[in-house]
Amino acid sequence: MTMSAGWYLRRLSRMGPREVGGRVGDAVRRRRWRSALPDGPSVTGARFTAVLPAGTVAAVPADAAKRLVAEADRLMDGRAEFFGVVRDDLAAPDWSFDPKTGRRAPSGYAFDVPYRDEEAIGDVKQIWELSRHQYLTVLAAAYAITGNDRYAERAAEHLRSWWQANPPLRSVHWTSGIELGIRLLSWVWVRRLLDGWPGAAGLFEGNPVAVRQIWYHQRWLAAFPSRGSSANNHIVAEAAGQFAAACAFGWFPASARWRADALRSLERHLRSNTFGSGLNRELATEYHGLVLELGLAALAEADAAGVPVPASVRLVLLRMTDALAAVVDNRLRPPRQGDADDGHGLVVDGAGTDRWASLLATGDAVFGRLDWWPAVTGTDVRTPLLAALIRPGAPAATRPATRPDHLADAGMTILRARAESGPEEIWCRCDGGPHGFLSIAAHAHADALSVEVRHDGVDVLADPGTFCYHGQPEWRRYFRSTLGHNTLELDGGDQSVSGGPFLWTRHARTRVLLADTGARGGPDAGVARWSAEHTGYGRSVHRRRVELTAASRELRVVDEVRGPRRAVRLAFHLGPSIAAELTGSRAVLTWTRGGEDRSAVLDLPGQLRWQGHRGESDPPLGWYSAGFGRKEPATVLVGTGFSDGTDGFTTVLRFRG
């Protein structure tokens, strides 16, 4: 996907004067570096001292270690999967190759590489992901746990290969700051986990090529930070990687300055990227996880190096952890909201390790769990490693005494109804929040007033996900669209106006009118209610009311359109495991959970004409993306008609049994 002149104008319109000035300076610096790169210093006598405390590796649970080693063995065989594409060429990878399209990114000056153009270079996400070197932290962790040199030798071989193939500013891997920041964090942990290996010092601090790479990564990040309307999770990754490297690889004259600047940036942007409630302002759950992982990793480096951090850093990370504990369902699954690209901050675990349970376990180890937190039964490798470096203890702050169900600043409300016996839960997320973060809301979807409903952790009314970023514009549009969510569309258009794959030029404004999660006693006990409205459709206002009654296991959704008569499409996306039999305006839903058959009845508004769609491609309709680059057919029920100023469109979901 190449960007048109119109896109550049739309993008420019979302920037302020300071951001424009900074980007002009960036352009001048890129031109200057094309002809003469800055000189890196010579380094002698460098040492690595940011090692794990004695006994840390022994504290890794046996089952987590087993999963890690199994993952490392697959990597040693050259096999891995990235974004739905299975690779078997990782014994000696081609760092510029995209296995999805078969294309290679060209070499040459980094800022000349058209990384957004899939026709020219392939899918850049496929190319970049391997070079985040998070699979190398897995190999290094396997060495630390087993002492088997073959894992260390493979990690060293791949690092040397990468450094040779990607000299400073001479490949696609030098075009995006988030990639450099995460790569630096990976290198810090590879060095730390290989510390017992005799070749570790010769691979890093005793290797002029490695030292030069580490210096240029930090010099690049100091020169080209994400700015203004782009200062989202990217700037957090850049600052965290820069800070980690400046702490652990503090071998350069500029290291103290880089460390101080990165810490200031990290503190500022952790605060600006996070609501007071603790939820990430991008309102994209996976980026909440990414930012939390990056923040915890940076805090580990600070405490390991004895670098004081502002109290606000720990406070934001504490609030993020409490917020995560608040919104997960009974299976520890968080909302599927906004963009998701499977991005991680630090990877040292094998397949089958639950990311969200791992984060909660780390939060417990570092800050301490609250009584209302859900229980975490899984194990992981990362928690004992981070906990060994981070000074434990929660910062002085008032934490929620009971589980928050309405996070007002983020506009997220969780309605719950538990079974009288057993752990089963009806979980419903109601979206009444702002349309993303900053002026471009890069990772937002046009999903105002959408609902997401699960039964015992199974997606019943599902958020379809993300699937892709670059190269497939029709799929990008669909997964971000209003029709692609459980909400109401007017006149065939989105609530918010898109100006490009990561750009919204007009944002729907949403207002929560009622959020009563049924926690109070009295006659309404056991009934949770929510209501909100948005003005994304100009003269027409969409108002939605949701009511969840625990006793009858019934969810009622009422949609009203106030304003002129408009064409309506109301969509309900079912999870991929849900089978639906639609007759008129009633759908019988069936699925299996833990070997038991489950069912529900969905009574749909009779004023609309209902039709089921599944796995359609022209145009896309009826899909579910469990992870980036992956999609599978799923049923969506779409009702079409007109807003007629009556009492609204009423939908009732009743769970059986």
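Predicted model: local features only at pLDDT ≥ 70, side-chain atom pairs only at ≥ 80, totals over all residues.
A word on ground rules: local features need pLDDT of at least 70 and side-chain atom pairs count only at pLDDT 80 or more, while totals for chains, interfaces and linings use all residues. Residues are numbered from 1 along each chain as its sequence is written, and side-chain values use heavy atoms, with hydrogens and water left out.

**Helix H2**

Let's start with H2, residues 17-35. Helices here are DSSP runs of H or I with at least four residues, strands are runs of E with at least two, and both are numbered from the N terminus. At 1.5 Å a residue, the 19 residues of H2 should span 27 Å, and the end C-alpha atoms sit 28 Å apart, which agrees; the expected span is 1.5 Å times one less than the number of residues.

Which residues of H2 are buried? They are Glu19, Gly22, Asp26 and Trp33, where buried means under 20% relative accessible area, exposed over 50%, and partly exposed in between (1.4 Å probe, protein chains only). Looking down the axis of H2, the buried residues fall within an arc of 60°, so they line one face of the helix. That arc is taken from the directions from the helix axis to the C-beta atoms. Pro17, Arg31 and Ser35 are exposed on the other side of H2. Helix H1 (5-13) and helix H10 (208-223) are among what covers the buried residues, with contact meaning heavy atoms within 4.5 Å.

**Salt bridges**

The whole structure holds 52 salt bridges, each being a side-chain nitrogen of Lys or Arg within 4 Å of a carboxyl oxygen of Asp or Glu. Here are three of them, with N to O distances.

| Pair | Distance |
|---|---|
| Glu301 and Arg192 | 2.8 Å |
| Arg418 and Glu425 | 3.7 Å |
| Arg454 and Glu452 | 2.7 Å |

Glu301 lies in helix H13 and Arg192 in helix H8 (residues 177-193), so this pair ties together parts that are 109 residues apart in sequence. Glu301 is buried at 1% relative accessible area, and Arg192 is buried at 3%. In the second pair, Arg418 is partly exposed at 47%, whereas Glu425 is buried at 1%. Arg454 is buried at 0%, and Glu452 is buried at 0% too. Arg454 and Glu452 also belong to a salt-bridge network that links them with Asp329, Arg333, Arg429, Asp459 and Asp463.

**Nonpolar cores**

A nonpolar core is a set of buried Ala, Val, Leu, Ile, Met, Phe, Trp, Tyr and Cys residues joined through side-chain atoms within 4.5 Å. The largest one has 137 residues, and Leu139, Trp187, Trp189, Leu194, Phe204 and Phe249 touch the most other members. A second, separate core of 39 residues includes Leu415, Ala600, Leu602 and Leu608. Back to Leu194: leaving aside neighbours within four places in sequence, Leu194 is in contact with Ala140, Tyr143, Ala152, Ala200 and Leu203.

**Two single residues**

Is His573 buried or exposed? His573, found in strand S15 (residues 567-573), is buried with a relative accessible area of 2%. Not counting residues up to four places away in sequence, its contacts include Val460, Tyr478, Leu483, Asn486 and Thr635. A polar atom of the His573 side chain lies 2.8 Å from the backbone oxygen of Leu483.

Gly306, by contrast, sits in the loop between helix H13 (285-305) and helix H14 (311-327), and counts as exposed at 57% relative accessibility. Gly306 is 289 residues from Gly595 in sequence and 52 Å away in space, C-alpha to C-alpha.

Terms used. Polar contact = N/O pair within 3.5 Å; in protein donor to acceptor, adjacent residues only side chain to side chain.
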